Amino acid sequence: LSGYLIARFGFLSITSAVPWMPWLLWAVEGVLRNKQSLRSILFLSFTVAMLLLAGHAQTSAYVLTLSGAYLVFAILSRGIAADRVQVVTLVAWAGAGVVGGICLASIQLLPTLELLQTSQRVNGVTTERLFAYSFWPWRFVTLLSPNFFGTPASGTYHGYGNYWEDAAYVGLLTLVLAVRAVGNWISQRRLSASDAPLRLVPFYAGAVFVATFLALGRNFAPSQWLYERVPALAMFQAPTRWMLVAVFGMAVLGSFGADLWRTSPTRQKWSRRILVVGAAILIGSLLANRVTGGVIPSNYIIGTARLGFVTVIAAALGLALRRVEWRTSWRPAWETATLILLALDLVVAHWGLIPTIAAAYYHQTSVVADLIRPYTENGSRYVYLPEDEYRVKFSHFFSLRDFQTGDQAHWGDVRNSLLPNLGMIDGIPSASNDDPLLVGGHDSLLTSLDSLSPEDQIKALQRMNVAVLLSDTPRTDLDFLGESGGIRAYRVSASWPRVVVTDCVESPDGLQCDRIDSGSATITLSTPSQITIAANTPHDAYLLLLDTYYPGWHATVDGKENPIYLANTAFRAVPVPEGNHQILMNYQPISVAVGTSLTGISLTLCGVGWFVSGKRRIGVANEKEAAVS
């Protein structure tokens, strides 16, 4: 129920990866406690594989980093470092578990690695993209009152950047208990009497500090300096996502504080003081609203009043603890009340951050789709120019400050717009794509369109098999097809068909191909993994297929293997001799075959290992029982 997860609930890969964080730390702890247990290694491999298969590389990297740091901390803090053999053994076993997890997930990792190597991110992200979402320092206030700057759920958010990127609220009570845990550790350190759970306090407190430092990104000069000099930190955009580690650390510290929540005369005195302060904040905020006559934005007033109210309730629970300790039978009721307070605090704080819409939304008719369908039925595509797409998204439809959940007409216009990748709902092919990883050649080709003159844009679109251009601005150089919801559709005439006979010349960036008037090519079969083409060429030429060039595609001409070349920046070209021919293209990626084999072998070995270790444990247990007898 933390702000980090609830505010990102639509990011399914993130919310699938984050829950494996405690499991992975538990698996590392298992390796530490059962130093040569095969099952502990296999469990570590399983959790690593599940984390990787969740599909969010950035979250996986942060979780693996935290787990590695936990292993190092445990070795140093538990006196293991003095025994070099034991250290090497632990690191080797943990490394084997991680490698095993990678092998288990290879069926997905190797194809993803292949895509990464051909993607627009192969050389990392640009500085602008890297620091696009850095934690806004003023949002530290929201650790006390989550919606102090408003919330997009009600259209009141007026903070910097995206609400969900900086959402990190874990509950005021959690924060107070986390501070208490750190305080208890400091006092017990002075007494040299730190118990086992408290020995982990410096690790999680350090994790919170380091993660917060990194999350600040460009908003804190030392943090930005570190990003600029450590290449590994620049692999992912949005430094604020390091707050995942900070949120987790605060939650664990809060649990330590809850376990140590005891009363004393001094603590009772502080609880009374906090109760008075909370009441003063609550009353002061209400009076401020009345005195200023509404000059102060309402979310500041509501946020401050909320802080005062929750503080009063938390302090009251602390005061009630003294009576609970006198009457132990009251303890379950008190603990239940505390959990209810925390749950309500989090639910109310994040209410409305997971908007939904009726399933019928996806089945309704799109006016724009019906308008352009006749021009795309032959396999031609529609496209948004990158600048137009960005403007339509963020100037017309998607607000960072308001989810517009009650405006059904607005979301009807979004559905109607055919923004990437909404065209898939209607089965209309698009040259635009909104995936985070894009094939580099295709992405660079689309990006280059913005720098061209209108005349050269049309020529480029024709060569890309684009028959319809969608835009929110008028164009007089194209035939106007119609308009709906502010989106205009224009006909791009004389666009090349999806497959065409061409003459090509070599260039440093691959083949450059021009269509020839004679010759013909027709697609007779098209599936995601196979394309069959019947072609006739007047002389030795190239068959140009205006589908994205990508590793793993193989071509045969009349049953004989032929190479596929990169052509016109992003497409596929196959050399064909004069005459009539049958061309077959099959998608048979080595990455999938090797990944599947590695996963299969790893699953088999893990299954055998689990079975053998189980038999061994039963044998050891029987030996112990016989010895006792």
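Here are legends for a handful of close-up views of this predicted model.

The model is predicted, so local features need pLDDT of at least 70 and side-chain atom pairs count only at pLDDT 80 or more, while totals for chains, interfaces and linings use all residues. Residues are numbered from 1 along each chain as its sequence is written, and side-chain values use heavy atoms, with hydrogens and water left out.

View 1. A cavity is a set of points, on a 1 Å grid over the protein atoms alone, where a 1.4 Å probe fits but cannot get out. Counting cavities of 30 Å³ or more gives one. The largest cavity has a volume of about 40 Å³; a volume here is the space filled by probe spheres set on the points, with grid points joined across faces, edges and corners. For the sorting, Ala, Val, Leu, Ile, Met, Phe, Trp, Tyr, Cys and Pro count as nonpolar, Asp, Glu, Lys and Arg as charged, and the others, Gly among them, as polar.

**View 2. The second largest pocket.** A pocket is an open set of points with protein on both sides within 12 Å along at least five of seven lines. This one has a volume of about 1100 Å³. Its lining takes in 35 residues, and R381, S430, N433, D435 and T548 lie nearest its centre. Elements giving two or more residues to the lining are β1 (381-384), α19 (423-426), β7 (520-527), β9 (541-548) and β13 (571-576). (Helices are DSSP runs of H or I, at least four residues, and strands are runs of E, at least two, numbered from the N terminus.) The largest share, three residues, comes from β9. By class, the lining splits into 19 nonpolar, 11 polar and five charged residues.

**View 3. E165 pairs up with R241.** Side chains of opposite charge can pair when their charged atoms come close. A salt bridge is a side-chain nitrogen of Lys or Arg within 4 Å of a carboxyl oxygen of Asp or Glu, and the structure holds 19 of them. In the one between E165 and R241, the closest N and O atoms are 3.0 Å apart. The partners sit 76 residues apart, with E165 in the loop between α8 (127-130) and α9 (172-191) and R241 in the loop between α11 (221-229) and α12 (243-259). Both E165 and R241 are buried (buried means under 20% relative accessible area, exposed over 50%, partly exposed in between, with a 1.4 Å probe and protein chains only).

**View 4. R391 meets D472.** This salt bridge is 2.8 Å from N to O. R391 belongs to helix α17 (residues 386-397), while D472 is in the loop between β2 (466-471) and β3 (479-484), 81 residues apart. Is D472 buried or exposed? D472 is buried, because its relative accessible area is 10%; R391, at 28%, counts as partly exposed.

**View 5. S591 and its contacts.** S591 lies in helix α22 (residues 590-628) and is buried, with a relative accessible area of 10%. A polar contact of 3.0 Å joins the side chains of S591 and E114. (A polar contact is a pair of N or O atoms within 3.5 Å; within protein, one must be able to donate a hydrogen and the other to accept it, and residues adjacent in sequence count only if both atoms are side-chain atoms.) Setting aside neighbours within four places in sequence, S591 is in contact (heavy atoms within 4.5 Å) with L110, P111 and E114.

Terms used
1 Å grid on protein atoms, 1.4 Å probe; cavity = no way out; pocket = protein on both sides within 12 Å on 5 of 7 lines; lining within 4 Å.
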